[in-house]
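Dear colleague,

I am passing on the structure below, together with an account of what came out of going through it. Please read the notes with the coordinates open beside you.

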Amino acid sequence: METLTIAQLGNPILREHASLISATQYQEFAPFFNALQQKMLEHNGVGIAAPQVSESIRAFIVASRPNPRYPDAPMMEPTLMLNPEITWASENMEKDWEGCLSIPGIRALVSRHSHIEVRYDTLEGKEVKTQMEGFIARIFQHELDHLNGLVFLDRAD
Ligand SMILES: O=C(CSC(=O)[C@H](Cc1ccccc1)CC(F)(F)F)c1ccccc1
Ligand SMILES: [Zn+2]
């Protein structure tokens with residue numbers, strides 16, 4: 001596995017609609033997903049999407065943790081989400097600051113749904129349905145945008 005590099009804004013890969021992965025491929029991608037998580041941790045990210053390392057597949061990692069910007073953010077194990085979808089989103093929106101490993105040094109205020117219901121598959125092929133709110137919901141929406149060729153600046157207020 002060559003070392004992954006994070007695509008920067010301007011790289012067309014960030015503007016692609018990423019492809020679904022078939023459950024038969026999940027295990028094949030296991031080494032890649034480990035490298036993806038390492039890359040995120042290396043850059044102290046709270047999330048990372050596969051297209052950001054030029055792999056245009058529908059997979060990302062959410063890894064909320066308390067940080068200076070979000071001191072009350074929940075501490076969660078880095079969670080790999082395959083073929084993720086939002087199945088319901090609140091009318092209520094919240095505005096807060098976001099950053100992106102593909103757009104270093106820039107922060108912007110972005111409105112996101114405050115509550116969402118999501119579904120995704122785990123590496124083992126199990127379907128997870130759950131609700132998210134606050135910072136975790138924000139990260140999920142930020143990463144899902146990456147799978148649809150959007151970056152947070154596209155939504156900046
Ligand atoms: O570590 C970062 C760098 S930006 C980051 O982690 C992105 C995720 C993110 C940060 C803040 C809000 C929403 C999503 C990761 C990306 F680019 F791969 F999506 C950070 C930024 C704001 C708050 C807490 C941490
Ligand atoms: Zn990002």
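This is a predicted model: local features need pLDDT of at least 70, side-chain atom pairs count only at pLDDT 80 or more; totals for chains, interfaces and linings use all residues.

Because Cys100 belongs to the loop between strand E4 (93-98) and strand E5 (108-113), while His142 belongs to helix H2, the pair ties together parts that lie 42 residues apart in sequence.

Turning to ligand 1, the space that it takes up is the largest pocket, and 17 residues surround it, the closest being Asn44, Val46, Gln52, Leu101 and Glu143. Of the 510 Å² of accessible area that ligand 1 has on its own, the protein covers 94%.

Two of these closest residues also come up when polar atoms are considered: an oxygen atom of ligand 1 is 2.6 Å from a polar backbone atom of Asn44, and an oxygen atom of the ligand is 2.8 Å from a polar backbone atom of Val46.

As for where the shell around ligand 1 comes from, strand E1 (47-49) and helix H2 (134-147) each supply at least two of its residues, and H2 provides the largest share, with four. Sorted by class, the shell consists of six nonpolar, eight polar and three charged residues.

With best wishes

Technical notes: Residues are numbered from 1 along each chain as its sequence is written. Chains are lettered from A and ligands numbered from 1 in the order in which they are written. Side-chain values use heavy atoms; hydrogens and water are left out. A residue is near a molecule or strand if one of its heavy atoms lies within 4 Å of it. A polar contact is a pair of N or O atoms within 3.5 Å; within protein, one must be able to donate a hydrogen and the other to accept it, and residues adjacent in sequence count only if both atoms are side-chain atoms. Accessible areas come from the Shrake-Rupley method with a 1.4 Å probe; for residues, only the protein chains shown count as cover. On a 1 Å grid over the protein atoms alone, a cavity is a set of points where a 1.4 Å probe fits but cannot get out, and a pocket is an open set with protein on both sides within 12 Å along at least five of seven lines; lining residues have an atom within 4 Å of a point. A molecule sits in a cavity or pocket if more than half of its atoms lie within 2 Å of its grid points. Ala, Val, Leu, Ile, Met, Phe, Trp, Tyr, Cys and Pro count as nonpolar, Asp, Glu, Lys and Arg as charged, and the others, Gly among them, as polar.
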